[in-house]
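Me: I have a structure open and want to go through parts of it with you. Can we take it piece by piece?

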Amino acid sequence: MKLAIAAFTQRGLALANRLRAGLGNNCKVTVPLRLADGDADVMESLHGWTKTAFSECEGLILIGAAGIAVRAIAPFVKDKFTDPAVVSVDEAGRFVVSLLSGHVGGANRLAETVAKLCGGIAVCSSATDVNGIFAVDEWASLHGLSIDGRSAAKEVSATLLEGRQVSFRSDFPVIGTLPAGFTTSKRELGVYITAQNSFPFTKTLRLVPKILDVGIGCKRDTPAYAIAAALGHAFDANHLSTQAILALHTIDVKKEEPGLMSFCKKHGWPLHTYTADELSALDGEFTKSDFVQHTVGVDNVCERSACMAGGTLIQKKYSEDGVTVAIAQQSYVVSFEGDKE
């Protein structure tokens with residue numbers, strides 16, 4: 001978690017340095033010019049610092065009065081699914097308040113971590129936390145699941161808070177006990193853990209694990225829109241959600257292909273590349289092509305590259321407008337072991 005800490009007094013700076021030591025290297029401390037000590041960055045303005053931290057960091061820790069933190073973040077707050085975690089700590093380290101994005105952004109967990117480091121009390125006012133109810137959005141974020149259905153996520157929490165049951169369904173093995181309030185019986189509102197574009201309940205909250213590796217082959221200078229179309233059609237044919245994509249894979253001669261790079265960057269998907277020898281060495285039954293073998297030195301790019309991360313091929317080569325797509329799925333287990341209910 002990339003963190004940014006702001007302190008405004010000498011005592012606050014001392015606490016910031018303690019927190020930085022405990023939170024690790026991926027944590028930057030910033031102070032006003034008058035407190036510059038060589039170990040901390042200097043902020044030109046609190047507004048500018050906050051703007052940058054909101055766009056570049058996953059968590060913000062402001063050491064000082066909570067009112068300062070509230071005014072600083074106010075212009076940049078958007079919604080609970082995209083805002084970073086924001087925590088306010090008094091300079092004595094007595095109270096650590098989760099201010100923003102408590103569940104999805106992880107501010108509640110960050111507040112608890114900071115409180116342990118400074119010997120203070122974490123203050124988390126989310127209704128589910130106050131009432132000891134399972135927070136589905138926090139659990140999903142903690143387990144790397146994409147939330148598809150924001151209004152449904154809010155309704156799940158509201159339903160559990162009212163003491164009513166919510167259906168639960170998973171396409172994957174489940175270990176541990178279902179949280180209180182969940183049932184495998186059919187209800188109107190339900191949580192569905194899947195990589196499929198399917199909605200089994202009248203109101204469905206889909207939680208999508210990132211378990212799909214996509215192998216791509218393409219001609220030189222293939223535009224991003226052509227790659228997007230081919231991938232989209234391959235996913236539609238298999239009723240799969242693109243939210244389940246973990247990474248794209250291809251041969252190393254395509255690692256600087258403009259259209260492919262642009263497509264990956266737009267969606268935030270990493271692109272992994274392999275040599276022809278690495279692809280050729282992979283065991284398995286793959287669709288062979290003499291043309292591809294002659295061109296790049298391996299008989300198949302998309303299927304082999306999709307399987308390089310260890311998944312099982314669920315979509316063999318799909319071809320469209322000079323683009324080939326293959327999809328492999330990683331194994332996945334839903335775990336409630338160790339999660340609070």
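Me: Is T222 buried or exposed?
Reply: T222 is buried, with a relative accessible area of 6%. Buried means under 20% relative accessible area, exposed means over 50%, and partly exposed is in between, with a 1.4 Å probe and protein chains only. Before going on: this is a predicted model, where local features need pLDDT of at least 70, side-chain atom pairs count only at pLDDT 80 or more, and totals for chains, interfaces and linings use all residues. Residues are numbered from 1 along each chain as its sequence is written, and side-chain values use heavy atoms, with hydrogens and water left out.

Me: Where is T222 found?
Reply: T222 is in the loop between strand 14 (212–218) and helix 8 (224–237). Helices (H or I, at least four residues) and strands (E, at least two) are DSSP runs, numbered from the N terminus.

Me: What does the side chain of T222 reach?
Reply: The T222 side chain reaches the backbone oxygen of K219 at 2.6 Å. That is a polar contact, meaning a pair of N or O atoms within 3.5 Å; within protein, one must be able to donate a hydrogen and the other to accept it, and residues adjacent in sequence count only if both atoms are side-chain atoms.

Me: And which residues does T222 touch, not counting those up to four places away in sequence?
Reply: I227, E257, G259, G322 and V323. Contact here means heavy atoms within 4.5 Å.

Me: Back to strand 14. How many of its residues are buried?
Reply: Seven of its seven residues. L212, V214, I216 and C218 are on one side, and D213, G215 and G217 are on the other.

Me: Why two sides?
Reply: In a regular strand the side chains alternate between the two faces of the sheet.

Me: How many bridges join strand 14 to strand 15?
Reply: Four, and the two strands run parallel. Two strands pair if DSSP finds at least two bridges between them.

Me: New topic: helix 9. Which of its residues are buried?
Reply: Helix 9 covers residues 258–267, and G259, L260, F263 and C264 are buried there. Seen down the helix 9 axis, the buried residues fall within an arc of 130°, so they line one face of the helix. The arc is that of the directions from the helix axis to the C-beta atoms.

Me: What is exposed on the other side of helix 9?
Reply: P258, K265 and K266.

Me: What do the buried residues of helix 9 pack against?
Reply: They pack against strand 14, helix 8, strand 15 (245–251) and strand 16 (271–274).

Me: At what angle do helix 8 and helix 9 cross?
Reply: Their axes cross at roughly 65° and come within 8 Å. Axes are lines fitted to C-alpha atoms, for helices over the stretch in contact, and angles run from 0 to 180 degrees between N-to-C directions. The contact is made by A224, I227, A228 and L231 of helix 8, with G259, L260, S262 and F263 on the helix 9 side.

Me: How far apart are A228 and G259?
Reply: In sequence, A228 and G259 are 31 residues apart; in space, they are 9.6 Å apart, C-alpha to C-alpha. A228 is partly exposed, with a relative accessible area of 32%.

Me: What does strand 12 pair with?
Reply: Strand 12 pairs with strand 9 in the parallel sense over four bridges. Five bridges join strand 12 to strand 13 (residues 203–209), also parallel.

Me: What stands opposite S167?
Reply: S167 has G190 opposite in strand 12, and T183 opposite in strand 11.

Me: Last one: is E303 buried or exposed?
Reply: E303 is buried, with a relative accessible area of 0%. E303 is found in helix 12 (residues 302–306). A polar contact of 2.7 Å joins its side chain to that of T287.
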